[in-house]
Each structure stands twice: as structure tokens, then as C-alpha cells.
Amino acid sequence: MTKHNKVSARKSSALSQFFEGAKDTLPLIVGAIPFGIIFGTLAATAGLSFEATMGMSLFVFAGSSQFVCVSLVSAGTAWPMIVLTTFVVNLRHMLYGATMVPFYKNLNPLWKMVLAFGLTDETFAVAVSRYCQKDEAPDKHYYNLGSMVFMYTNWNLCTFIGLTAGKAFPGISNWGLDFAMPATFIGIVIPYLVSKPMWASVVTAGTVSILAGGLPHKLGLMAAALAGVIMGLVCEKIFHSKKELV
Amino acid sequence: MFGTGIQVNEIYMIAGMALVTFGIRYIMFPISGRFQFPELFERGLKYAPPAVLTAIIVPSVLMPTGDILNLKLSNPYLIGALVACAMGGLFKNLLLTIVVSMIVFLGFQWVFAMG
């Protein structure tokens, strides 16, 4: 109560920060709803059990890698390869962690672990913009938590809805819903395409993925990703030195 | 590879995925200040997500059966992907991109199933 009285004048109480974080995440939730439902239906049709599908959303909580996992499972890939692929697909989250280090520095280890667990693309984007605002609100981590809890609840709820829909309509695997994955990924990739090195990287990855498609254990995916990253770095160097010449 | 009811393989897979994902998201907090990644690694990291996703998109669209390259315009996956690229490029709206390209894809699939 005393805490409430102290801070109620300003919008910096823990609870109002929490709800503000959830509110600002709403537009991203709208995009995550079909993503989550489609994940649930695809996982069921790929042959994953109900428990495994829910377990993945509950414990892994990383949308794009969960989609990739489903496509690998339906291709009969062994689990160590799926874990390795998850590592590659989620490596970008290390940048998010690095960005948050100064903002989380006064939090205890439990807070750091909880917030790190929820560092999805969406919550990172929302929370980092709040942390970068100039005001001295002491409860910005509650804002971050609000965004995370909202995303997490929604993701698991949508996974469950998708699983249930998959059960209710057993023929759903013949509806061509598997196109939802490339469609979603295209929507995610396009905003990245803002520079020549990024274009070169993506074109290279796409080309190699076809050329190396015959490699066992989906190694073509790794080869393509690696080729794309290297091409991006090489082009960065070429275009950078060209700029210096001009 | 999995049947009904949770399998041992699935438990290994989920535990592994959960560990690597949490590890990636958390690792910077305990090691910050003690360790610096090579600059090249940090710059390369930003190309990883679009490169990985593209490496998943292209085969699933151009080789929908998993073995043969299908570049014909009667391939509904190709049509749908082209629509998704156009929608994404024009409107930069994830939801719109998914919904419109799905509708076009399903429509094409239905038309070719009829013919």
C-alpha cells in the first residue's frame, strides 16, 4: 500500500508499467495469433504429439525455430540435427541479450533469467524502445515483463487452439496449410532487405539451398545459411571500400 | 519420426531446443564485461535470420514434393510465394502478406485440383 501511495501520482508503478507493456505489445500479438494457430495445426499434421507440441511452446518459446522444427520433423530429421538447426535459427537472439545487458544490470539473477527467457523478436522490439525513453521510471522491467507475459500466454493459447483445430478437422493436412510457413517467413524476411549485402546474402542462401538440397540430414540448410552469411559479409566489405573510393 | 503420445525422442528434442534457445538469450548477462565476441562474428550475426529463413522458403516453394524442381506457373506454392513477396514489398504488413498469399495459394490449388 505504501508503495502504491508513493508512486501512484506518476505512471511508474509496477502494475501500470506491466499493463502498459502488455498494451504496447498488442499490434504484434495480432500478427502472432495466426502464426501460433498455424504452428499448432502443422505440428499435429507433421506427426508431433500433443504433449510435445505444447511442451515446445511452453519451454522453447521461439516461433520461427518451432516452425523450422516442424518442417524438419515432417522430413524425418533426427533430433540432434533439429537442436543444432534451432541453435543456428535462434542465434540472432544473442544480439538482443547483448543489447539488454546495460538495462538489466541492476536486476537480480532470477529477473534476468525470466526476462531472458522471454526475449522474443516481438518483446525485444517493444521493451528496448521503452528502455531507451528518457524518463527515469524505476519499473521498466515490469513493462518488459508485461510484454513477455502477454506474448507467452497468447503463443501457448494459439498453439492449443491450432492443435484442437487439427484434431477437429483430421483432413487438415491436405488443405495445403503448409504454405503458411513459407508465407510467414517471406513476410519476416522482406523487412530485412534494405541493403545490397542483405540482398546478396538472401539470394545466395536461396540458391545454395536448392543446389545443396540433396545433402543428408538437411545439411543443405546449414550450408545455405552459412553461404548467405559469408556472402553478406563479403559484399559489405566490397560496397564499403567502394564507398570509401568515391 | 514420432507417433502418438509423447516419445523419448521428442523429450530429448524439446529439452535440447529449450536449452540452446535459453542459453542464447541468457549467455550475454553472465559473461558481459568479461568477454567480447570477434567483430566479424557480431557483424555476421545479422545476416543469419534472413539467410536461414530464405534457405527454408526456397526449397519448400520450388520443390514442394521434396525432390523435383518445379518452376512451372502451375505450381501453387510458387504463385503464392510470388504474391507474398509482392504484398510484403508493397505493404510491409506481416498479417496482410500471410492472409492474401494464403488465399491466392488455396485458390490456385483448388483450381488445379478441379482441372
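Visitor: What percentage of the 115 residues in chain B is buried?
Guide: Keep in mind that this is a predicted model. To count as buried, a residue needs 20 or more other C-beta atoms within 10 Å of its own. Of the 115 residues in chain B, the share that gets there is 38%.

Visitor: What radius of gyration does chain B have, next to a compact globule of 115 residues?
Guide: Start with the trace: along its principal axes, the C-alpha atoms of chain B span about 65 × 40 × 25 Å. A compact globule of 115 residues would come out near 13 Å. Chain B, though, has a radius of gyration of 20 Å.

Visitor: And which elements is chain B built from?
Guide: Reading from the N terminus, the order is α-α-α-α-α-α. There are zero strands in the tally, and the helices of chain B number six.

Visitor: Which helix of chain A gives the largest share of the side that touches chain B?
Guide: The contact draws 74 residues from chain A and 63 residues from chain B. On the chain A side, the classes are 49 nonpolar, 21 polar and four charged. Ten residues of that side come from one element, residues 180-189, and this is helix α10 of chain A.

Visitor: Within chain A, which helix gives the most to the side of domain 1 that touches domain 2?
Guide: Domain 1 of chain A covers 10-180 and domain 2 covers 193-246, with their C-alpha centres 27 Å apart. Their contact takes seven residues from domain 1 and five residues from domain 2. Three residues on the domain 1 side belong to the top contributor, residues 79-90, which is helix α5 of chain A.

How values were computed
Residues are numbered from 1 along each chain as its sequence is written. Chains are lettered from A and ligands numbered from 1 in the order in which they are written. This is a predicted model: local features need pLDDT of at least 70, side-chain atom pairs count only at pLDDT 80 or more; totals for chains, interfaces and linings use all residues. Two residues are in contact if their C-beta atoms, placed from the backbone, lie within 7 Å. Helices (H or I, at least four residues) and strands (E, at least two) are DSSP runs, numbered from the N terminus. Ala, Val, Leu, Ile, Met, Phe, Trp, Tyr, Cys and Pro count as nonpolar, Asp, Glu, Lys and Arg as charged, and the others, Gly among them, as polar. Domain bounds come from an automatic or database domain assignment. The radius of gyration is taken over C-alpha atoms; the globule rule is 2.2 Å times the number of residues to the power 0.38. A residue is buried if 20 or more other C-beta atoms lie within 10 Å of its own, exposed if 12 or fewer, and partly exposed in between; C-beta atoms are placed from the backbone.
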